[in-house]
Amino acid sequence: MTMMTTKFLQNFWTNKIVIIFKNIVRILSVFFTGFLFCWLPLLAPLISGWLGRHMRFAAVRTWAASSDKESKLIFFNNPSHAIYKYWPHWTTLGSEAQGEFIPAANDTLIHKAFKWLKKIIYSLRSDYSSGLLIAFNVWLLTLPLSLLFFLGWQSGWEVSFTKSYEEGSYVPLLFIFSISFLCFIMLYLPIAQARQAVHGNWKSFFDFKTIAIIARHVRFRLFVLSILTLVSSVFLMILTKIIPTLFEQIYDLDIHDRPHFNEVVSSHFFFTVLFFYILLIIIKSMNAKVYALGVMKALASGSLALSSLGEFERSILIENKLFESFQKKYKHHPYRWLNRLADYTLLFATFGIWVSFILVIIIGQFMNMNSQDWFYHPLLHLPYISISNL
Amino acid sequence: MSCLLSRRVFGQMLASASVFLGGQMFLPSACLAQNISSSGLKRYKGPNIILIRYGGGVRRRETIDPSHSFSPYMMNVLAPSGTLFSNMTIAQFRGNETDHAQGTINLLTGRYKAYRAEKKETFADILQPTSPTLFEYFRKTYDIPVHESLIINGEDRLQDESMNFAQHRAYGINYRAEFLSYSKYKAYIIQRDLERDDLEDGKRDELINTLAELQIKNLTLPKPQDYPRPIQAFWEKWERFYKDDKRLQPRGDRLSTEIALWALRELQPKLMMVNYQDPDFVHFGIESHYTRGIAEIDRGIQLIMRSVETNPFYRENTVVAIVPDCGRDDNPLMSIPYQHHFSSRSSHEIFALFSGSGIAKNKIITKEVDQISVAATLAKLMNFEAPFTEGPVLEEVLI
């Protein structure tokens, strides 16, 4: 009896440890591969693409977690759904594309290696192009206003410098206009980005009406998400703008001693990029969860038609019956007017948070100006932190 | 034949002699011997001093480095005719800030941290010296009316207009310098207009509001009648020329140059400081504001020197001293490395150039000297005691 128990425990622990160990290795390998891609702007779209898949997986996990235990179990017991339990691997493709690259039993070693290489290239290419499309869509919305923002800043200080009193009144208007519209875009952006990632289709980013409906059902969560983004942007501003400005004083460095200076700079930016990458994964995971919940709530309330769902969403939510159990436990709010009041209040509060987000950019520019920072934010566009060329 | 010494001419001579001799009778005989004025103070004969704050904070690289300088007049004309201290620094110790007001007070008092905040403002405290300024020493030693000791200030730093005297028992407001600036002019004409009875209510309110805005950053805004007559005449003349319209006047540091040129012509100050400021706009990230600002100061120095050379009152009896208030950063991690608030090594690195009567020519001193030595050196050149200054005199400037 004792022997059996010991053997059982031994097996149990061994298996458990192996599984945990394998998971840790898997997560670390995925994590650090992404971390390597953070260092070059040309590689940044790879992370965006991978994060898109990560958001898709996170959304699926949220849908499963929101349904009842039984549906969740059935869902994950399906072998083609097992991949959604974990972070997507860099070489993991959509389940539909996997078969082509699975080595056959009679394949030679060279053939197997070739297929494996092909799989990696295919996967990276797919991540790269979807990453570029994510960045492109965000730029499409933000670039015109960023340009106005940039012009407002440039012309504003030009007016101040040259004392062009005659033009003085235009500049504040330009600035207020661009900041306000950028904040409106920020209200839209999280759900739109998540929708594009989950659908795997760039056009989904522009489903304005559907996105507005989904956002209305997760106002509080979007408010919390905006706070998380704001706090992250403050940390990033400190790490990438303020500390580099005060580098000499903080580390008591002689900037003319370049080897030592570069050593300290490299170490600072290593941890900055690491911190940024962790923040980005947290934000994107939360963003995907907010979107996933928003879709379910909007469906359950009847505000969102089934036809508005993407093919992937329909297959996961409807065909796998994850939505069915959610709908059963969903409660409609009894006081519509109260709901509406809370809706507007949260919308207003979130708008305020995004104003602060823009102000953080402005403060960063006051401290340590860099023209490209008007057009690009590592948390929104491409996950790349610019490091000065030393 | 008429008499050469007519009765009329004789009468005139007699009157002149009696006025001359009568006047002398009431003066102590020592005054005549030592050239002392009726106030008991010595008369000042020179050299006249023009102290130029190469302001807004500038680095050595863009000013005195021959291969990168944006200041061609200073480097090619003025420096060869004077003594350049290429390694002047602002001492580095805890709390010694590298900022415009602080740097100006270092220059004026010859001491570090000789100030206190008289009024707290969000981005700029109003500082007042706690140690006597050069102007106070000067006016306490010599018989100098206030309109002959001037500070010219720009449009952007009204908070600096409280540095014309120190909170000091033995010196203070009676020995102050007079500020000439756009804000002083504006306050002068507003207060004068407010005394008119025929002012419309709307206009009156507008003037009161504008005056209140000026008062926020200005500790002292005297009534028009409290200004000395020459200053009143100066602003009246300025108004006739430029009206009450900012757009007619030169702008930015050009305005400071213009006021300085008018002052040299109309008031003939014996000690004048010109506070330039434009390069500081680079804080906000437009690099050309820095280089254009420096070039504008260089042009201003050229115009002032031309005025000195063509004015008999100043020619061969004037020394010009050019010193920045602070340096700027040189940080390779910043795309626009021109901040100065954070006490980087480069923000402590400045220079000084002395040129004019009695100054050694074509000398470059590379040894490290201190910003607070400027006040002691000017005191020595003007031959007055400045007991509270701390910096050693820069003996190298003297021939």
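In what order do the elements of chain A run from the N terminus on? They go α-α-α-α-α-α-α-α-α-α-α-α-α, and the tally for chain A is 13 helices and zero strands. Helices here are DSSP runs of H or I with at least four residues, strands are runs of E with at least two, and both are numbered from the N terminus.

A quick note on ground rules: this is a predicted model, where local features need pLDDT of at least 70 and side-chain atom pairs count only at pLDDT 80 or more, while totals for chains, interfaces and linings use all residues. Residues are numbered from 1 along each chain as its sequence is written, chains are lettered from A and ligands numbered from 1 in the order written, and side-chain values use heavy atoms, leaving out hydrogens and water.

**The two chains**

The C-alpha trace of chain A spans about 90 × 65 × 45 Å along its principal axes.

**Strand β8 of chain B**

Strand β8(B), residues 318–323, is largely enclosed by the rest of the structure, because six of its six residues are buried. T318(B), V320(B) and I322(B) cover one side, with V319(B), A321(B) and V323(B) on the other. Strands count as paired if DSSP finds at least two bridges between them. Strand β1(B) (residues 48–53) runs parallel to β8(B) with six bridges, and I52(B) sits opposite I322(B). Strand β9(B) (residues 349–356) runs antiparallel to β8(B) with four bridges; there, S355(B) is the bridge partner of V320(B).

I322(B) also turns up among the residues with the most contacts inside the largest nonpolar core, which has 145 residues. Helix α10 of chain A (residues 258–301) gives the largest share of this core, 17 residues. A second, separate core of 47 residues includes V319(B) and I49(B). A core is a set of buried Ala, Val, Leu, Ile, Met, Phe, Trp, Tyr and Cys residues joined through side-chain atoms within 4.5 Å.

**Where the chains meet**

Chain B and chain A bury about 2,700 Å² between them, 59% of it on carbon and sulfur atoms. Buried area is the accessible area (1.4 Å probe) that two parts lose on being put together, summed over both. The contact (heavy atoms within 4.5 Å) takes 27 residues from chain B and 32 residues from chain A. Four salt bridges cross this interface, each a side-chain nitrogen of Lys or Arg within 4 Å of a carboxyl oxygen of Asp or Glu.

**Salt bridges**

Over all chains, the search finds 33 salt bridges. Here are some of them, with the N to O distance:

| Pair | Distance |
|---|---|
| R345(B) and D254(A) | 3.6 Å |
| E178(B) and R176(B) | 3.9 Å |
| R196(B) and D193(B) | 3.9 Å |
| E296(B) and R299(B) | 3.1 Å |

E296(B) and R299(B) are about one helical turn apart, because they are three residues apart in helix α10 of chain B (residues 287–310). E296(B) is buried at 12% relative accessible area, whereas R299(B) is partly exposed at 32%. Likewise, E178(B) is buried at 4% and R176(B) is partly exposed at 22%.

Terms used:
Buried means under 20% relative accessible area, exposed over 50%, partly exposed in between (1.4 Å probe, protein chains only).
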